[in-house]
Amino acid sequence: MLSYEQARNKVIEEIGKKRGPRATTVVSVWDAPGLVLAQEVRTDREYPPFDRATRDGYAVPSKEAAAGAKLKCVGEIKAGDTVKEALAAGTCLQIMTGAAVPPGADAVVMIEHTSREGDLVRFERAAHPRQNIVPKGSEAAAAQTILTPGMRLGYAELALAAQVGAVRLRCAKRPRVAILSTGDEVVLTDEIPGEFQIRNSNSVSLAAQVRIAGGEPVVLGNAADRIDDLGEKIERGLKEDALVLSGGVSMGKYDLVESVLKAMGAEFFFDAVAIRPGRPAVFGMCQGKPVFGLPGNPVSTMVTFELFVAPAIDLLSGAETRALPLVKARLAEALREKPGLTHFLPARVEWRGPAPEVKALLWQGSGDIATLAKANCFLVVPADQEQIEVGQSVSLLLRKDVV
Ligand code: AMP
Ligand code: MG
C-alpha cells in the first residue's frame, strides 16, 4: 500500500505525462483572482517611471545638507506634479511621498529630521546620497517580462498587471471537474431524506473544494449502487476534464465504482493508501481522463480530495502543483493512535503563544462533519508513531479555506 506522499506523487506523475496545452480565455483583472496566466506580461515603461520620493520631507543636494546646515525652501512638489526644472544650488524643495525628485537633488530628508523658520530649513542630521529615493527603473526596466505563463494570479500579481496597464489577461480556463456521488442511501440536497437516508453533503463539499482548488465544479448528482446507473453517469462525467466520485470504493457488496470503471477500460494507479481516514481512495485514468474514487464518509472524502485531487487540478490548470500546507506546531494534549497508517485528525491550531499550539478534537470518526467544522487543520500522526507527548513538535495540514 502506498503512503500518502507516494500516492500524491503518483497522481502528479501520471497527470504530468498527459499534460497538453490548456484552453485559454481572456479575462479582466477584476475577475482573474486565482486563475493561471497563459501569456507574458511586460512593462510599458520603466518602474518607477521617475526618481520617486518615499518620504514627506525636503529634496536636497546631499552634499549641501550636512548636519546643522540651513537651506532656503523655494517651493513644493506634490505627488503627480510635473517636475522638469533642476533644483538651484543652495536651495531645497518641500516634497511629498510619491512625488518626482527634481534634477539636482539626490536625497530626500524626512520632515521629522528638520526644523523650519520661515523660508529656512535646518537639517538636524547629514543627508546621504539616494536617501529616501527609489531611482527610476530600479523596480523594472522598460519592456521587461514581469509575469509569465503558468503563474497563479494572486492580488500582488494582479496589481502588477494593472500597474503596467495589462487589464485584460489571457488565462487558462478552469478545468471542469465532474462530481458524482454514489449510494442508495443518498438523496439530493433539496430533498427530504427518509429516516434511514442521508443528504448528499459530499457533492457540496467537493464542489467547494474544486472551486477553491481552481476548478469549475460540474455537479452530476447521485448514482444508485447499480451497475447501469453508475455506468451511465460515469460516462457523462468522463466528458469533463476530470471525474471525482464519492462512495462505493470500499469492500462492501455494493461498492461497485472500481469494477464499473474497470469495465469501461480504466487503468488504476492505486486503490488504497496507508491513511486514516481515506484508506480506500482510488486513482486511475479512464478514456484519457483522470478519475478519483474517494471514500464516501464525508471527512474521508474531504481529506483525500486535499491530498490527491487538489494537485491534479493545479496541473490541469496549467500551473505547477502547490505544496501541501503543512506546518509544525507544539502538541498541547498527549495523543495515542494505532500505528500502521498515517492519521489525519481534525484539530485546532492556535497562535496565541510564541509558537503555534495544536490539539486534536474529540470526534466520532470519518462521518463527523460537525467536529471538522470546528477544526482549522488536520493533525498528521505518522504511521510509525503510537504515542505523542505534550510539547512534542507535530505536523499539521492547514485547512487553508478557513485559516
Ligand atoms: P461508502 O464509501 O459508499 O461506503 O460510504 C460510506 C458512508 O459515507 C455511507 O454510509 C454514508 O454514511 C456516507 N456517505 C456516502 N456518500 C455520501 C454523500 N454523498 N454525502 C454524505 N455522506 C455520504
Ligand atoms: Mg456507498
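**Surface, ligand site and ion pairs of the predicted model**

Trp351, Val402 and Val403 form a nonpolar surface patch that totals about 300 Å² of accessible area. Patches consist of residues with over 30% relative accessible area and no salt bridge; like charges are joined within 9 Å, and nonpolar side chains (Val, Leu, Ile, Met, Phe, Trp, Tyr) within 5 Å. Accessible areas were computed by the Shrake-Rupley method with a 1.4 Å probe, and for residues only the protein chains shown count as cover. Val402 lies in the segment after strand 28 (393-398). Helices (H or I, at least four residues) and strands (E, at least two) are DSSP runs numbered from the N terminus. Val402 is partly exposed, because its relative accessibility is 47%. Buried means under 20% relative accessible area, exposed over 50%, and partly exposed in between (1.4 Å probe, protein chains only).

The model is predicted: local features need pLDDT of at least 70, side-chain atom pairs count only at pLDDT 80 or more, and totals for chains, interfaces and linings use all residues. Residues are numbered from 1 along each chain as its sequence is written, chains are lettered from A and ligands numbered from 1 in the order in which they are written, and side-chain values use heavy atoms, with hydrogens and water left out.

Ligand 1 is surrounded by 17 residues, each with a heavy atom within 4 Å of the ligand. The closest are Asn200, Asn202, Gly248, Gly296 and Asn297. Polar contacts are pairs of N or O atoms within 3.5 Å; within protein, one must be able to donate a hydrogen and the other to accept it, and residues adjacent in sequence count only if both atoms are side-chain atoms. A polar side-chain atom of Asn200 sits 2.8 Å from a nitrogen atom of ligand 1. Ser201 places a backbone N or O atom 3.3 Å from a nitrogen atom of ligand 1. A polar backbone atom of Asn297 is 3.1 Å from an oxygen atom of the ligand. Taken alone, ligand 1 exposes 490 Å², of which the protein buries 78%.

Disulfides require a pair of cysteine sulfur atoms within 2.5 Å. The count is 0. For Cys73, the nearest cysteine sulfur belongs to Cys92, 4.6 Å away. Cys73 is buried, at 8% relative accessible area.

Backbone geometry came next. Most residues other than glycine have a negative phi, and most peptide bonds are trans. A cis peptide bond joins Tyr47 to Pro48, with omega about -10 degrees. Pro48 lies in the loop between strand 2 (41-42) and strand 3 (52-53). Arg276 and Pro277 are also joined by a cis bond, with omega about -5 degrees. Asn132 has a positive phi, near 60 degrees. Gln287 has a positive phi of about 50 degrees.

The structure holds 22 salt bridges. Each is a side-chain nitrogen of Lys or Arg within 4 Å of a carboxyl oxygen of Asp or Glu. Glu320 and Arg19 pair at 3.9 Å, N to O. This pair links distant parts of the chain, 301 residues apart. Glu320 is exposed, at 58% relative accessibility. Glu46 and Lys136 form a salt bridge, with the closest N and O atoms 3.8 Å apart. Glu46 lies in the loop between strand 2 and strand 3 and Lys136 in the loop between strand 10 and strand 11 (145-147), so the pair ties together parts 90 residues apart in sequence. Arg322 meets Asp314 at 2.9 Å, N to O. Asp314 is buried, at 3% relative accessible area. Salt bridges with shared partners join Lys10, Glu13, Glu14 and Lys17 into one network.
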